[in-house]
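Hi,

Here is the structure I said I would pass on. Have a look at it first, and then read my notes below.

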Amino acid sequence: MERVTELTDLVDRVDFGGDYSQSDLVDALNKIGIGPGDVVYTVVNLPALGNAKDCSTEDDTYRCLLGALQETVGESGTILVPTYTFSFCRREIFDVQSTPSINGPWSPSTGFLEYVRQQPDAIRSVDPIHSVAGIGPRAAEILTNLPATCFGEDSVPDRLRRIGAKICTIGLGLHESNFQHHVEEVLGVPFRFKKLFTGQIRNHGVTEKKGWIYNVGILAKNGRLDEHRLEKGAREAGLCLAAPVGRGELLGIDSRKLFDFTSQALTRDPWITAEGPAGDPVELERLRVAAPRHEVDLPPNSSTLELIQAIWKLPRDIVSEGYDAALAALGTQVPMKVHEYPTGTECWSWIIPEKWTCHEAYLESLDGRRLFSYADNPLHVVSYSLPFEGEVSRAELFEHLHVHHKIPDAVPFIFKYYERDWGLCCSKDLRDTLNDERYKVVIRSDFSFGTLKVGEIVAPGKTDECIVLCAHLCHPAMVNDDLAGVVVGIKVMQSLLSRSDLHYTYRFIILPETIGSVAYLSQNEQLIQKMKGGLFLEMLGLDNPHALQRSFAGNTEVDLCLSLALKERDPLGWTGAYRTIIGNDERQFNGPGVRVPMLSLSRVLPPADADWPYREYHSSHDAPEMTSLKSLDDSIQMVLHMVDTIEKNTVPVNRFKGEVFCSRFGMSFEEASNPEAYRALFYVMDLIDGTHSVAQIASKCGISFETTLSIVSELQARGLVEQIFVDKKPGARGTSSWTTS
Ligand SMILES: [Zn+2]
């Protein structure tokens, strides 16, 4: 055996004897423009060069290449290589010190990458997807304190460009440097988008939860990397230099020149770095995924019941065909503008997620008995579940199988939009019957490039200062949370659209929860200043009294008006401070930097109730059967009354001084017919000084808005008072200070 090994070694030595030497490499590196002091980012495919002279082992070959690179750049130069792991894409922990580089076309000589990474003086970046390792005096400056982005601002490629590093490919095309992905992100090409990956990074034994942005390509084949055009152009322009070595060649280019050249090329043709042909990425992805389309048939002016019956069961996930179908159906009832925000769009600190499609999903026993299926109810699959197909143990299944904690025979609504995982849902009753050791899981889901849609319905008033009504539509196959709020909003808007006497403009926006508000507000910042206040609507088909949650500021005109209106129309209705009743999209409107006073109207139970917000919340039992049409109708009337209160909330200005001589003007109210007015007349008149609105006077006097208004009207009829519309001082939103106009 030993003799055979020796002979093999000898043969290997002969075979590895001939194609190039270290000095050939140094010559070639010089020819492609690399010299002393350079920072060189290199990708490597050593077999393409043939065999290195005098190298009998792979390590010898690596030593030869690293030696040549270091000899060329000298002690002041820095060498960098990709040590990609794609850990977060594979849902694995990235250990900076120990996760090995993985093999791929970007740099097939993984052994060399590992050889560099494991040098005692090497530094590796903490990027959990595209880490880079480097040796040399500038390695730390390029590879440490990086922002959480693979190709974005201040990423490794951005830093390489800023310091004028050289890109060198060894036995590989220029595209394998991946440098174009940085330029593509800076320019925003149509076939790539920002995607958030989450996971854990372990660095020197300390583990940290992180999110990382990777500007990925669409999966439709048009978006695949083109391997030739950019390199051909850069060579013809004399920017990319080539030098043969052994059986292959080295390419070198200054990263600044490559950046400029790529930018210009992409500006001329945004698809030049992709296979193409060019197309609408949403349509290309729709063809790739072939998501089922949903047909919804709604007659014009459908009743609340018809709206609920037609829409409730749709799989209305945040960006999905089901959501789009629901929004389009609502668009047949009122004039609606649909805003679209493409996947990957940065909206303040958020990113628009991908579209999610579930084609099919079920749980089966190993003998083929189907236990439940997505086809029966979309709630059986975690919204945004990763695809999964396979046989699992009961223990593993139970880690991914969710049940409702209050109702044993209900399927829960579970979503995992950003913490990626696969998951199924069923009733606790069903789970309790799962006694087999193994089960078959099938989840055929797809993630694709799409657009998040926000529907906007505007009832114009005399001023463009607006009141925003808001409801979300992204809860699949449920009614109270969230379709009920949408239906109430639609009916309110139909009524407002028929009016021509509105002072304020009313804007109803229908969106996927949270991300929809952030998208709409961040892309319409100019509107924020015009938003006087708002009201979020949900859970309005329950039998409970109304619950009104005040805004962050809590004491604005809108807070006052809505609280007074609530008291008048629903004697059992109750109010609570911001964030004490329920949290929805009003959080984004009230949040820092926005501060639009948006209240929330629902019919939740008080937070102290064990069933808060209501027993069927986020479950398959939140269905039409438990939805009261009377409650919905009462809520529609409630919102319209709130609108009227805001509309009528003028500022009475006194044309009298001192106290009014009531006997002279016949100013009096009968105690029997109007005890409130009788009691409060002088208190009300005392507050009529041009600085208090009707709502403020009503609150201070502890009487109803209507009574206050009736006193003001009587005074106005006698020429003693003038009513003026309330308009807030610019920048004074969220406070009680305002001016008259
Ligand atoms: Zn919800």
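Is the crossing of H11 and H15 left-handed or right-handed? It is right-handed (left-handed would have the near helix turned anticlockwise from the far one by less than a right angle, right-handed clockwise).

Before I go on, some ground rules. This is a predicted model, where local features need pLDDT of at least 70 and side-chain atom pairs count only at pLDDT 80 or more, while totals for chains, interfaces and linings use all residues. Residues are numbered from 1 along each chain as its sequence is written. Helices (H or I, at least four residues) and strands (E, at least two) are DSSP runs, numbered from the N terminus.

**The helix pair**

The axes of H11 (residues 304-311) and H15 (residues 483-497) come within 10 Å and cross at roughly 140°. That makes H11 oblique to H15 (under 35 degrees counts as roughly parallel, over 145 as roughly antiparallel, 65 to 115 as roughly perpendicular, and the rest as oblique). Axes here are lines fitted to C-alpha atoms, for helices over the stretch in contact, with angles from 0 to 180 degrees between N-to-C directions. H11 brings Thr 304, Leu 307, Ile 308 and Ile 311 to the contact, and H15 brings Leu 483, Val 487, Ile 490 and Lys 491 (contact means C-beta atoms, placed from the backbone, within 7 Å).

**The sheet**

Next, an open sheet of 7 strands, in the order S4-S5-S2-S1-S6-S10-S9 and with mixed pairing (two strands pair if DSSP finds at least two bridges between them). Its edge strands, S4 and S9 (241-245), each pair on one side only.

With S6 (residues 166-170) it pairs in the antiparallel sense over 5 bridges; Ile 167 has Ile 253 as its bridge partner, and Lys 166 stands opposite Asp 254. S9 and S10 also pair in the antiparallel sense, over 5 bridges, with Ala 242 partnered by Leu 251. These two form a hairpin with 2 residues between them, and Gly 246 in the turn has a positive phi of about 55°.

S10 is mostly covered, with 5 of its 7 residues buried (buried: 20 or more other C-beta atoms within 10 Å of its own; exposed: 12 or fewer; partly exposed: in between; C-beta atoms are placed from the backbone). Helix H2 (residues 22-31) lies across S9 and S10, at about 165° to S9.

**Helix H4**

In H4 (residues 110-117), the buried residues include Phe 112 and Tyr 115. The buried residues of H4 pack against S1, H3, S2, S4 and S5.

Cheers

Notes: Two residues are in contact if their C-beta atoms, placed from the backbone, lie within 7 Å.
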